[in-house]
Amino acid sequence: MRALRYVAVACLPVAAIGIALARGRKGQEPAPPPPPAEEAAAPAPEAPPAPPAPALFAGGLPVTIATLPNGLASLSAQGCNACHWAAHDTWSGSAHAKAWSDEVFQTALKSAGGSTTCTSCHLPLASQHDQLAAGYVDGDLTRPRLQANAAFDLTLRGEGVTCAACHVREGTIVGTRPAPDAPHPVAVSAELSDPAMCATCHQLSWPDGDRPFYDTYGEWKGSAYATAGVTCQDCHMAPTTGATVPGSDGTLPSHALGADPRRAISALLSMPKASVVRGQPVDVSLTLQNTGAGHSFPTGNPFKQYRVEVVLLDAANKELAPAFSTVLARTVETKAPYRTTADTRLAPGAQRTVTHAFTPNVKGVPGRGAVEVRLVRDKEVLVLQRVMVDIT
């Protein structure tokens, strides 16, 4: 090893002389030798990591926001609309925006005694409440001890689950991507993409209940969707085209937060043959499958239910026989802890078959008729399936 080192060092003067002579012949000054490795410039230090985003619901609901982020005039969604109009426009027609004003909710709230357990999710900011619970009588969640709230904001109350509920924490905006040029501070939060965040409001248990009152998160957690990594946000906040901020062009998560029930349920019809004889009974079978919801259908509170109707129509599109219906719902007792009395919903991947014998009216119009499957909730009617049949 010593001999090898010697040979290498001994060759250096010869090489240096050769380089100098070559440069001298061209009339150039010899270049200075490179600095030793230990004297080379040190790489620029990496930028410090961005501060972590604050926990979104660490203290439970409702959330108190005492410090307004720089750049925001108020916590109202109206201010967000100036730059984030694509998200605002989809949110404004959503169940989140109508969380407080919805008539079905208001009726359910009265039946639950005006419990703050309900209002804390439908009005998730402390400043949306004119009164706040200071405790509960005998620990009963339906009997809160209320006290006046000096920070009450009437405008925010009307916005239900407003932007600030998820996207504002003390002094900063919380988002899913960095925004170094934003006119307000932004912290990136992994929680916004985590289904556990949804569980804050979409999972609720009453003391002594036989099962969770709301179990949407639990239903998803035990499904094949969770195993496959398909999250709540994947279905309910799917990417949509739009400007995240002025001048941008790309995609952003939809804030409509809905899902078409026709993507959740498959309706399969079966008859002995594709024809109906007026006056003669005919059996029609309907198989309902939950092929697209990562939770029970329907899910959420027990006051939500769907009626599935099977209708036999003549050639004039008039009912040829009384419609047959089946209900998808979970029903509970009328008082807390709201124990389950019946459950006819479809779990993820489940199916149910029902059969009904129709007796077609002899006065029906012959020709091309149809068997139609309708999904009905309140005043909403959706056609799941329509199959043509011959009426004779």
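User: Buried means under 20% relative accessible area, and exposed means over 50%. With that settled, which residues of E14 make up the covered face and which the uncovered one?

Analyst: Bearing in mind that this is a predicted model, the covered face of E14 consists of Phe324, Thr326 and Leu328, while Ser325 and Val327 make up the uncovered face.

User: Where does E14 come in the strand order of its open sheet?

Analyst: The open sheet has 5 strands in the order E11-E19-E18-E13-E14, with mixed pairing. Strand E14 (324-328) is an edge strand, as is strand E11 (275-276), and each of these pairs on one side only.

User: How many bridges join E13 to E14, and what stands opposite valine 327?

Analyst: E13 and E14 run antiparallel and are joined by 5 bridges, and the residue that stands opposite valine 327 of E14 is arginine 307.

User: And what about E18 with E19, in which sense do they pair?

Analyst: Strand E18, residues 367-377, pairs with strand E19, residues 380-391, in the antiparallel sense over 11 bridges.

User: Staying with E13, is tyrosine 306 buried or exposed?

Analyst: Tyrosine 306, which lies in strand E13, counts as buried because its relative accessible area is 6%, against a cut-off of under 20%. Setting aside residues up to four places away in sequence, tyrosine 306 touches Pro261, Phe297, Pro298, Thr326, Val327, Leu328, Leu375, Val376 and Arg377. The C-alpha atoms of tyrosine 306 and glutamate 380 are separated by 9.8 Å, although these two residues are 74 residues apart along the chain.

User: Which residues have the most contacts inside the largest nonpolar core?

Analyst: Leu286, Leu288 and Phe358 have the most contacts inside that core, which has 28 residues. At least two residues each come from strand E10 (265-270), strand E12 (282-290), strand E13 (306-313), E14, strand E17 (351-358), E18 and E19. Apart from this core lies another one, of 15 residues, including Ile65, Leu75, Val168 and Met197.

User: What does leucine 288 touch?

Analyst: Not counting residues up to four places away in sequence, leucine 288 touches Ile265, Ser266, Ala267, Val308, Thr326, Leu328, Leu346, Ala350, Gln351 and Arg352. Of the residues named there, Thr326 and Leu328 belong to the covered face of E14.

User: There's an asparagine 290 in E12 too; what does its side chain reach?

Analyst: Asparagine 290 lies in strand E12 and counts as buried because its relative accessibility is 3%, again under the 20% limit. A polar atom of the asparagine 290 side chain lies 3.1 Å from the backbone oxygen of histidine 295. Leaving aside neighbours within four places in sequence, the contacts of asparagine 290 include Ala264, Ile265, Ser296, Phe297 and Leu346, along with histidine 295.

User: How many aromatic pairs turn up in the whole structure?

Analyst: The search finds 8 aromatic pairs. Ring pairs link Trp206 and Phe213 with Tyr214, Phe303 and Tyr338 into a cluster.

User: Last one: what caps the N-terminal end of H8, and which of the H8 residues are buried?

Analyst: Aspartate 194 is the cap, with a side-chain oxygen 2.9 Å from the backbone nitrogen of alanine 196. The buried residues of helix H8, which spans residues 195-202, are Pro195, Met197 and Ala199, and what covers them includes helix H7 (163-167), strand E6 (203-204), helix H9 (216-221) and helix H11 (232-236).

Key. Residues numbered from 1 in each chain as written. Predicted model: local features only at pLDDT ≥ 70, side-chain atom pairs only at ≥ 80, totals over all residues. Heavy atoms only, no water. Pairing = 2+ DSSP bridges. Helix = DSSP H or I, 4+ residues; strand = E, 2+ residues; numbered from the N terminus. Core = buried A, V, L, I, M, F, W, Y, C linked by side-chain atoms within 4.5 Å. Buried < 20%, exposed > 50% of the residue type's maximum accessible area, 1.4 Å probe, protein only. Contact = heavy atoms within 4.5 Å. Phe/Tyr/Trp six-rings, centres within 6.5 Å; stacked < 30°, edge-to-face > 60°. Polar contact = N/O pair within 3.5 Å; in protein donor to acceptor, adjacent residues only side chain to side chain.
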